[in-house]
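Have a look at the model below, and then we can walk through it together.

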Amino acid sequence: RAIEKLVRVYHGKVASLLDVCRQNIIFETCEDLAQCVELIARDRHTIVLGYKNRLREDYPVSLSGGYRDVQLKLVLVTLEAERMGLSHHVCEVQLLLKEFAEIKNEIGHKKYVDARNARAE
């Protein structure tokens with residue numbers, strides 16, 4: 001997928017590819033998910049570089065095949081990250097509600113991939 005995205009979206013510009021490191025966190029409620037976003041945003045060892053909120057009411061679900069999450073692109077700012085040469089390494093954290101995580105693991109991800117492919121992304 002990284003090579004596909006590099007060619008389709010970033011036209012060979014390797015520095016634009018930021019989501020090589022990705023992790024999911026699954027939540028039971030919207031409140032818990034929102035609390036996590038707040039905690040990450042306030043964490044002095046984390047810099048949030050960008051986000052996508054696919055849980056917004058006005059988010060066009062046709063862009064994601066119905067898939068919904070909150071994506072955070074972040075960098076860890078710690079002495080350990082610095083020592084390991086990772087202070088500029090961008091990580092993607094996908095925050096999902098349990099229902100969407102279950103759909104993602106079943107048919108939802110295929111719909112998302114189909115929608116993304118239709119847009120040549």
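## Starting at an exposed helix residue

Let's begin with Ala118, which is exposed, with a relative accessible area of 70%. Ala118 belongs to helix α4. Its C-alpha atom is separated by 9.4 Å from that of Leu63, a residue 55 places away along the chain.

Please keep in mind that this is a predicted model. Helix α4 (residues 98–118) has the lowest mean pLDDT among the elements of the protein chain, at 72, whereas helix α2 (residues 30–42) has the highest, at 97. Where pLDDT is low, the predicted coordinates should not be read in detail. For the protein chain, the mean pLDDT is 85, and 88% of its residues reach 70 or more.

Now turn to β4, which spans residues 91–97. Seven of the seven residues of β4 are buried, so the strand is largely enclosed by the rest of the structure. In a regular strand the side chains alternate between the two faces of the sheet. In β4, Cys91, Val93, Leu95 and Leu97 point one way, while Glu92, Gln94 and Leu96 point the other way; all are buried.

Which strands pair with β4? β1 pairs with β4 in the parallel sense, over seven bridges. β3 pairs with β4 too, here in the antiparallel sense and over five bridges.

Is Gln71 buried or exposed? Its relative accessibility is 6%, so Gln71 counts as buried.

What does Gln71 touch, leaving aside residues up to four places away in sequence? Its contacts are Gly50, Tyr51, Lys52, Arg54, Glu92, Val93 and Gln94.

## Salt bridges

Side chains of opposite charge can pair when their charged atoms come close. The structure holds five salt bridges. Glu92 counts as buried, because its relative accessibility is 2%, while Arg22, at 43%, counts as partly exposed. Lys73 joins in as well: Arg22, Lys73 and Glu92 are linked in a network of salt bridges.

Asp69 and Arg54 are both buried. Asp58 and Arg56 also meet through their side chains in a salt bridge, at 2.7 Å from N to O. Here Asp58 is exposed, with a relative accessible area of 57%, and Arg56 is partly exposed, at 36%.

Which residues make the nonpolar surface patch of about 260 Å²? Ile47, Leu49 and Val77 do. Leu49 sits in strand β2 (residues 46–53). With a relative accessible area of 51%, Leu49 is exposed, because the cut-off for that label is over 50%.

Last stop on the tour: Ser16 is found in the loop between α1 (2–8) and β1. Its relative accessible area is 26%, and Ser16 is therefore partly exposed. How far apart are Ser16 and Leu6 in sequence and in space? Ten residues separate them in sequence, and their C-alpha atoms are 8.0 Å apart.

Note on methods
Residues are numbered from 1 along each chain as its sequence is written. This is a predicted model: local features need pLDDT of at least 70, side-chain atom pairs count only at pLDDT 80 or more; totals for chains, interfaces and linings use all residues. Side-chain values use heavy atoms; hydrogens and water are left out. pLDDT is the predictor's confidence in each residue, from 0 to 100. Helices (H or I, at least four residues) and strands (E, at least two) are DSSP runs, numbered from the N terminus. Buried means under 20% relative accessible area, exposed over 50%, partly exposed in between (1.4 Å probe, protein chains only). Contact means heavy atoms within 4.5 Å. Patches are made of residues with over 30% relative accessible area and no salt bridge: like charges are joined within 9 Å, nonpolar side chains (Val, Leu, Ile, Met, Phe, Trp, Tyr) within 5 Å. Accessible areas come from the Shrake-Rupley method with a 1.4 Å probe; for residues, only the protein chains shown count as cover. A salt bridge is a side-chain nitrogen of Lys or Arg within 4 Å of a carboxyl oxygen of Asp or Glu. Two strands pair if DSSP finds at least two bridges between them.
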